[in-house]
Amino acid sequence: MQNIMATGRYFTLNTGTKIPALGLGTWRSPSREVYAAVTAALRLGYRHIDTALTVVGQAIRNSQIPREQIFLTTKLWNTYHNKVSRGIEDSLKHLGLDYVDLYLMHWPVGMDKDNKQLPESEWDFVKTWAEMQKLIDTGLVKAIGVSNFSTKYLQRLLDAESTKLVPAANQVELHPLNPQHELLKFCADHRIHVTAYSPLGSNTGHLQEEPSIKEMAAKYNKSAAQVLISWAIQRGTSVIPKSVTLPRIEQNFQDFVLEEADFEELNCVYKNKSVRVVVPQWGVKVFDTDDN
């Protein structure tokens, strides 16, 4: 089996921009450790970083890598839904950068300063998207997209009269126990690229202990994480595993191609066991049963 480094592997957004297949996630990673992790990742060849942390901007500036060679994604948090311009301005100020490559609406839920849902009669994610579309002409963002959007929410957004731009990407939780096959197909049909977060399941490591995944890791002489990352890329999704451990950051960057039978086996693991790791407790229904 021929190994394929993720370096140089890209997917193309509907804007024509290329997004590296493998990136580094930083969600919930300690800030004090992220600077070293991003610095190491960039040195190893990573060119795709997903973050909102100030230290990431510092690491990018100090890397001496031309900014245009790094693909940076950040997100509009729920409390900024009705003040989008301020949201991107605050993000860029924290990062110390002039622009981001991809700006995502983090959740299809707007909230007030007390983290209570904004009444949909006053504001909803369709209005947020209308405001986000205006950012393209400012040069502060190169592309816009969404995150944690089900097919139901995507369809509602696409059907809106105010929607002039199809989201460039939808970042969602994807792994063999939560593959969201129908969502993936919907996005492909509408030329919406999908990025997988939590591709390794969670910090508990339960996914990496699944028998079929462990068997494949042994078969290919790879780690379970490498199997999961490779499966994700083989599906046509970019993937952003998080780590602040140098050996894992380096190991995760070495993806490969699964044999078709093994790839299909992982596509079906959820039939015996289905798990969603990220389920916000806001008293608001975010996810619909439109996947798998």
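Student: Which kind of unit do β5, helix α3 and β6 make, and what is its handedness?

Tutor: Please keep in mind that this is a predicted model. Strand β5 covers residues 71-76, and its pairing with β6 runs in the parallel sense over four bridges. Helix α3, residues 84-95, belongs with these two strands, and together β5, α3 and β6 form a β-α-β unit that is right-handed.

Student: Which residue of β6 is the bridge partner of leucine 76, and which residue of β7 is the bridge partner of that one?

Tutor: On one side, leucine 76 has methionine 105 of β6 as its bridge partner. In β7, the bridge partner of methionine 105 is valine 146.

Student: Which residues of strand β6 point the other way from Leu102 and Leu104?

Tutor: In a regular strand the side chains alternate between the two faces of the sheet. Strand β6 spans residues 102-105, and its residues are all buried, whichever way they point. Leu102 and Leu104 point one way, and the residues pointing the other way are Tyr103 and Met105.

Student: Is glutamine 171 buried or exposed?

Tutor: Glutamine 171 lies in strand β8, residues 169-173, and its contacts beyond its neighbours within four places in sequence include Thr73, Leu104, Val146 and Ile240. Its relative accessible area is 5%. Because the cut-off for the term lies at under 20%, glutamine 171 with its 5% counts as buried.

Student: Which side chain does glutamine 171 join through a polar contact, and at what distance?

Tutor: Asp50 is one of the residues in contact with glutamine 171. Between the side chains of glutamine 171 and aspartate 50 there is a polar contact, and its length is 2.9 Å.

Student: Which residues have the most contacts inside the largest nonpolar core?

Tutor: The largest nonpolar core has 82 residues, and its largest share, eight residues, comes from helix α8, residues 224-234. Leaving out residues up to four places away in sequence, leucine 258 touches several residues, among them Val227, Ser230, Trp231 and Gln234. The residues with the most contacts inside this core are Tyr103 and Leu258.

Key: Residues numbered from 1 in each chain as written. Predicted model: local features only at pLDDT ≥ 70, side-chain atom pairs only at ≥ 80, totals over all residues. Heavy atoms only, no water. Buried < 20%, exposed > 50% of the residue type's maximum accessible area, 1.4 Å probe, protein only. Pairing = 2+ DSSP bridges. Right-handed = clockwise from strand over helix to strand, strands pointing away. Contact = heavy atoms within 4.5 Å. Polar contact = N/O pair within 3.5 Å; in protein donor to acceptor, adjacent residues only side chain to side chain. Core = buried A, V, L, I, M, F, W, Y, C linked by side-chain atoms within 4.5 Å.
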